[in-house]
Number of protein chains: 2
Amino acid sequence: MEALPRETIVDVLEERLREDILAGRHPAGSYLPPERRLADGYGVTRTTLKHAFGRLVQAGLLETRHGVGTKVLDYARQGGADLLPMLVRHDPKWLHEIFEVRRSIGALIAERAAARATRSQHAELGRLLEAVREAGDADAVQLADIEVHRALARATGNRVYALLTNTLFKAYLPVRAALRGPFTDAETAHRRLVPLVDAVVSGDGRRAHAAADTYLRDTERIMLEGLA
Amino acid sequence: MEALPRETIVDVLEERLREDILAGRHPAGSYLPPERRLADGYGVTRTTLKHAFGRLVQAGLLETRHGVGTKVLDYARQGGADLLPMLVRHDPKWLHEIFEVRRSIGALIAERAAARATRSQHAELGRLLEAVREAGDADAVQLADIEVHRALARATGNRVYALLTNTLFKAYLPVRAALRGPFTDAETAHRRLVPLVDAVVSGDGRRAHAAADTYLRDTERIMLEGLA
DNA sequence: GTGGCTCAGTGGCTGAGCCACTCAACCAAG
DNA sequence: CTTGGTTGAGTGGCTCAGCCACTGAGCCAC
């Protein structure tokens, strides 16, 4: 088992604030009510509210200025990719756009990985691929699959790809359970990955690019079917 | 003028903690000292420390568990792209890797934008391109240039590209001043952008892809020269 | 062994309070 | 009039002391 999530007040408050902002109840460019009043409204302490603010500030949703107030930013303009988990939870339509980007970048990563992966990275890919086949349930298969893609990103030799991959995964992690379609059968999931890993290990960039595209299109289609 | 940054205690503390973590003084997997002791050590209140913690938790550098402690995570494994600004500040070597990714994704964006941009987006690109020429100093040129790229990302019709673009810009924003090389002359900067915008407006995906690649290689080279 | 209890240690959260900053209104000097 | 300084209300930044809630290890009764 893995120990997981506690829902703290700050979590709930952050969620609530985010919803209020994304839903337009606090339009971009406007100022939030003063902290004392807002905290009062939500029934929490100012300190707690500020903790929630801190997260939203970092995410690019808010901007506080000492002595002035807290301004709602336009996330499309100021926000970074780390907003995606929030945005997906707020409106699943984002998933389509995330998948499209994932497909393009995934192909890019496969191509780079084919060109640059080291021997030991080839071996690691093999091990992780095998782990997909041996995973117990859909959940485990999905996680094993993610590990393969992480390893591919590492194999590019560019750590930024690894971080981007993390970001995109985090984006649909909140709705992960609804996207298990491609992973219900370990054997099938494994088979679907083989051409991609093969192409990368063979060092053929073009083939790796194509294989990644195929793989991502297939899994994407199945995932989106599962949603409908 | 633009009103900007205040360096608050939390900012400094966050920076300090981050350095201590990235430098390995708190290795991944280990636990930080208890908040009370750590706050004492840094000479701040526990509340303030927790604000700094909050940011690092969100960035994927720390994980707190009620009743247990605060664990240092492996950012390469858990961290998202929003860590990049921190990482660049800690070690400028990251810039090379960021630039490589920016080049690949930039080309991707240009290609998509060529295929999908609307008439009004074409017009907007024209306006923003003109703004580059008319910008006053290197700083303004750089900002105008960024706006062109933001508009390109929007023109893909996929909002995730816009967020990714923001993320990558934020990554080198902390060292922006050192990367002004390509923007010292507005006329030159403008001329360099023209083929890219032209290709996108013409709707020729292949040409847009190539033009973006050329543009990004050129500016990248000049920026990195400026660093050395 | 097994299960329940206790307790020390940890992070979560509070509420009251002071400090620092910003802005607009006012006012006096020119 | 214009200019420049002062003031005060309102805001976020930060502290402090303290209680609550959770975890895990050790103990104990069964």
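In this predicted model, the second largest pocket is lined by 21 residues, and those that lie nearest its centre are L108(A), H209(A), L108(B), E111(B) and H209(B). The space within the second largest pocket amounts to about 450 Å³. Both chains contribute to the lining, in that helix 6 (94–116) and helix 11 (205–227) of chain A, together with helix 6 (94–116) and helix 11 (205–227) of chain B, each supply at least two residues. Helix 6 of chain A provides the largest share of this lining, namely seven residues. When the lining residues are sorted by class, 12 are charged, five are polar and four are nonpolar.

Around DNA strand C there are 25 residues, of which I9(A), T48(A), H66(A), R46(B) and K50(B) come nearest. The surface near DNA strand C comprises 11 polar, nine charged and five nonpolar residues. At least two residues of this surface are supplied by each of helix 1 (9–22) and helix 3 (46–59) of chain A, and by each of helix 2 (35–42), helix 3 (46–59), strand 1 (62–65) and strand 2 (69–72) of chain B; helix 3 of chain A gives the most, with three residues.

Of the atoms of DNA strand C within 4 Å of the protein, 64% belong to sugar or phosphate, and the rest belong to bases. For H66(A), a polar side-chain atom is placed 2.7 Å from a base nitrogen of DNA strand C.

Notes
Residues numbered from 1 in each chain as written. Chains lettered and ligands numbered in written order. Predicted model: local features only at pLDDT ≥ 70, side-chain atom pairs only at ≥ 80, totals over all residues. Heavy atoms only, no water. 1 Å grid on protein atoms, 1.4 Å probe; cavity = no way out; pocket = protein on both sides within 12 Å on 5 of 7 lines; lining within 4 Å. Points joined across faces, edges and corners; volume = space filled by probe spheres on them. Helix = DSSP H or I, 4+ residues; strand = E, 2+ residues; numbered from the N terminus. Nonpolar A, V, L, I, M, F, W, Y, C, P; charged D, E, K, R; others polar. Near = heavy atom within 4 Å. Polar contact = N/O pair within 3.5 Å; in protein donor to acceptor, adjacent residues only side chain to side chain.
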